[in-house]
Amino acid sequence: MMDDRDFSQESSERAELIEQLLAIGTALSSTHDLGELLALILTKSREITFSDAGSVYLIDRSNEVPVLWFKVAQNDSKPATSFREFAMPMTHKSLAGYVALTGKSLNIVDAYDLPEGVPYQLDRSFDRSIHYRTRSVLVLPMQNQEQETIGVLQLINRKTRPDITVTVENVLETTQPYSVWEERVLRSLASQAAISIERNQLQESIENLFEGFVKASVQIIEARDPCTSGHSERVADLTVRLSEEASAVSKGPLRFIYFNDRQIQEIRYAALLHDFGKVGVPEAILGKQKKLYPMQLEVLRNRFALVQRTLEMECAQAKYRHLIEHPGHRPDHEQEADCPHCHYLTTLDARLEAAIAQLNHYWDVLLETNEPQILFEEPLEQLKELTEYTYLDVDGQLKPLLTEEELMQLIVPRGNLTQAERESIQAHVTHTYQFLQRIPWTKQLKDVPTIAYAHHEKLDGTGYPLGLKEPEISIQSQIMAIADIYDALTAGDRPYKQGLPVVTAIKILRQEAAQNKLNQHLVDLFEHRQVFSVLGHIYES
């Protein structure tokens with residue numbers, strides 16, 4: 001019969017155990033990494049039962065035949081033993097497989113002396129490989145709220161004292177069976193652990209789903225703008241690396257910057273999606289390589305060909321009329337210098353040759369000015385001449401060889417976009433923000449839209465779309481701005497320009513920083529820590 005002292009001690013031990021379980025529950029709910037979670041479950045289960053060793057298995061039902069994954073193992077008496085994950089068949093033959101299939105617990109006094117007729121048995125090869133002896137075993141199903149078994153918790157060798165090292169020689173004296181009370185407590189803990197694991201797996205599934213969504217979104221962007229293929233990933237790589245470098249700075253103006261893992265993930269998503277709004281920009285503008293669109297240039301080429309054919313036809317008609325009006329003239333006679341008829345015909349040929357030469361010259365000027373380069377005064381004047389050149393179209397109407405719209409595109413002083421086209425492309429930032437705003441971001445990712453929205457803002461207020469100044473631009477957006485500009489300068493996949501060497505791109509970034517457009521300290525860090533090396537670029541001065 002239990003006396004008052006024994007009862008008091010047992011009550012105290014059980015109260016302490018309950019406190020431990022509450023602490024374990026708190027720890028389980030705050031752990032997000034699956035590997036850490038499984039290790040925590042096993043460690044705490046062993047601590048409250050004085051178990052020398054143990055392991056955790058998870059059931060994988062992703063394939064037609066479910067398997068058990070051996071995920072975590074611990075052994076106090078064999079701490080140097082390394083364990084690796086592996087999959088094993090889920091059958092009644094193994095202890096873990098039996099529990100996984102039946103959902104029943106196993107409380108075994110001696111795993112080397114099992115009752116006759118049981119379908120399961122201990123695989124002793126593992127004991128032999130590490131010179132160990134498994135005796136008492138408690139195997140528990142980890143079941144979720146729907147009573148579905150998602151894993152198995154296995155505890156080995158309940159010790160008489162927690163500080164004992166179990167050996168093959170002393171295992172009978174140092175270990176004892178698991179009590180019914182411990183089985184009951186551990187089964188409850190296993191269920192709590194199952195819920196935590198399931199929550200973790202659900203969180204991981206959601207993150208994988210969103211990661212897939214982000215990658216699909218990037219693929220859509222690149223499908224619409226093949227000229228910038230890979231740009232989003234490169235900007236994300238540069239932005240993340242520069243953010244990590246800034247977080248590592250311990251002194252100077254950047255010492256206050258620190259990003260945790262979640263914030264780095266937020267920055268990465270913002271960088272990957274920073275150009276998603278390009279889906280709202282007309283495809284012709286996105287893929288524009290010259291000042292004129294290919295179809296416009298083809299129309300102009302046909303127009304020039306029509307003008308030349310018209311000139312040739314007019315010359316032939318003038319000759320024909322002259323010969324009809326002067327029937328005595330034979331064009332195959334030997335031409336004399338004082339023959340007025342010959343002189344007239346020669347003059348017609350010369351005028352035609354001069355007109356065609358002028359037309360060809362205009363075409364060369366047009367092709368020259370169609371290139372996305374700085375436009376100088378001389379071709380600009382010749383373009384204006386070209387607008388005054390008219391011709392008769394097939395309907396007999398007088399029309400300009402170069403239309404006002406075509407002229408406005410060709411006289412763009414720098415690059416290949418008109419102001420209207422540039423504004424259309426710049427609107428992609430607003431389209432991006434409006435799209436990202438519609439996504440129900442988690443608390444940790446809520447700033448993704450605003451970070452992406454400001455990546456074209458400049459510290460002096462000359463950026464777009466809002467014209468923000470330095471205090472209004474987040475440090476994440478300032479970091480992304482540097483990454484975006486660097487990749488735009490060095491990318492070699494743009495058909496309308498060649499990628500610049502790293503040293504030239506860095507020089508331009510420094511110039512932008514000197515003009516208070518980019519963060520000087522971040523540009524210095526970008527250069528000194530060679531953040532660009534994440535893309536495989538080498539700085540050769």
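1. A residue counts as buried under 20% relative accessible area, as exposed over 50%, and as partly exposed in between (1.4 Å probe, protein chains only). At 17% relative accessibility, Phe-210 is therefore buried.

2. The model is predicted: local features need pLDDT of at least 70, side-chain atom pairs count only at pLDDT 80 or more, and totals for chains, interfaces and linings use all residues. Residues are numbered from 1 along each chain as its sequence is written, and side-chain values use heavy atoms, with hydrogens and water left out.

3. There are 15 aromatic pairs in the structure. Rings of Phe, Tyr and Trp (its six-membered ring) pair if their centres lie within 6.5 Å; planes under 30 degrees apart are stacked, over 60 edge-to-face, and the rest tilted. One of the pairs is Tyr-57 with Phe-70, edge-to-face at 5.4 Å centre to centre and 65° between the planes. Tyr-57 belongs to strand β1 (residues 51-60) and Phe-70 to strand β2 (residues 67-75), so the pair ties together parts 13 residues apart in sequence. Strands (E, at least two residues) and helices (H or I, at least four) are DSSP runs, numbered from the N terminus. Tyr-57 is buried at 8% relative accessibility, and Phe-70 is buried at 9%.

4. Phe-210 and Trp-441 have ring centres 5.0 Å apart and planes at 75°, so this pair is edge-to-face. Phe-210 lies in helix α6 (residues 180-224) and Trp-441 in the loop between α15 (428-437) and α16 (448-453), 231 residues apart. Trp-441 is buried, at 15% relative accessible area.

5. Ring pairs join Phe-210 and Trp-441 with Phe-213, Tyr-269, Phe-276 and Phe-435 in a cluster.
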